[in-house]
Amino acid sequence: MRWLTLYARSRQIPASLAAVVIGVGAVWALARDEGAGPGDPRLPVLVLATGAMAFSIGLGGQDLALDRTAAIRWVPRRAAHVLLAGAVLAAALLTVQTMGTSMATTAFIVRVSAGLMGLVALGAVFSGGQYAWTLPFAWLLFSFFAPPPTSAPMEVAMWMLLPPGSAAGTWTALVLTVVGIAAYAVAGPRR
């Protein structure tokens, strides 16, 4: 159990969890008065993206050379780290929804949190752990300010804001999740 505590501290998981709780609490306070049910997806996407960016800092260790010399295999540990971070992120927003503030459907929250964690993992592979947040941040900005999608490529680009039943949104999130986790688990963060 001691190794798990040391791993969590080295990956700054307590700080990431605190950021997720603060972000979800702020969204709950903002959305508490609406009470109209799921509508505009921007608020839940914003909190999920903020949480994914908070978890991204833990995708790189303090010393990558030391990480690479570990006696245990990193592939399953890296994959589990990203998957658990995505599950915690989705669970945090779903927990707020049980308190009476319905912002999005469960399928939407799971899809977006999984896709964002895949993006964060890809960001860690390409930019390293400390800059892993840049890829989901850039995609989020594009999604918020781009015009409504009118073609298939634009639907793929706007996957975060598409309704839960859309094939383009689901497949894009699935591909990002699988490719991101696989690349991060095998290659690890960039130095």
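Mentor: Let us take Leu-89, which, leaving aside its neighbours within four places in sequence, is in contact with Val-20, Val-47, Leu-48, Gly-51, Ala-52, Phe-55, Ser-113 and Met-117, where contact means heavy atoms within 4.5 Å. Before going on, keep in mind that this is a predicted model, in which local features need pLDDT of at least 70 and side-chain atom pairs count only at pLDDT 80 or more, while totals for chains, interfaces and linings use all residues. Residues are numbered from 1 along each chain as its sequence is written, and side-chain values use heavy atoms, with hydrogens and water left out.

Leu-89 sits in helix α5, which covers residues 74–98; helices here are DSSP runs of H or I with at least four residues, strands are runs of E with at least two, and both are numbered from the N terminus. With a relative accessible area of 1%, Leu-89 is buried, a word that stands for under 20% relative accessible area, whereas exposed stands for over 50% and partly exposed for what lies in between, using a 1.4 Å probe and protein chains only. One of its contacts, Val-20, is 69 residues away along the chain, yet the C-alpha atoms of Leu-89 and Val-20 are separated by 7.3 Å.

Val-20 leads us to helix α2, where the buried residues are Ser-16, Val-20, Gly-23, Val-24, Val-27 and Ala-31. Seen down the axis of α2, these buried residues fall within an arc of 95°, so they line one face of the helix; the arc is that of the directions from the helix axis to the C-beta atoms. The spacing has a simple background: an α-helix has 3.6 residues a turn, so residues three or four places apart point the same way. On the other side of α2, Ala-15, Val-21 and Ile-22 are exposed, while its buried residues pack against α3 (42–56) and α5. Helix α2 itself (residues 13–31) has 19 residues and reaches 27 Å from its first C-alpha to its last, close to the 27 Å expected, the expected span being 1.5 Å times one less than the number of residues.

Of its 191 residues, 44% count as buried, and among contacts with a separation of 6 or more, 73% come from residues 24 or more positions apart.

Finally, consider the aromatic rings elsewhere in the chain, where there are two aromatic pairs; rings of Phe, Tyr and Trp (its six-membered ring) pair if their centres lie within 6.5 Å, and planes under 30 degrees apart count as stacked, over 60 as edge-to-face and the rest as tilted. The rings of Trp-133 and Phe-137 have centres 5.8 Å apart and planes at 65°, so this pair is edge-to-face. The rings of Trp-139 and Trp-159 have centres 6.3 Å apart and planes at 85°, so this pair is edge-to-face. Trp-139 lies in helix α7 (residues 134–145) and Trp-159 in the loop between α8 (152–157) and α9 (167–187), so the pair ties together parts that are 20 residues apart in sequence. Within this pair, Trp-139 is partly exposed at 22% relative accessible area, whereas Trp-159 counts as buried at 0%.
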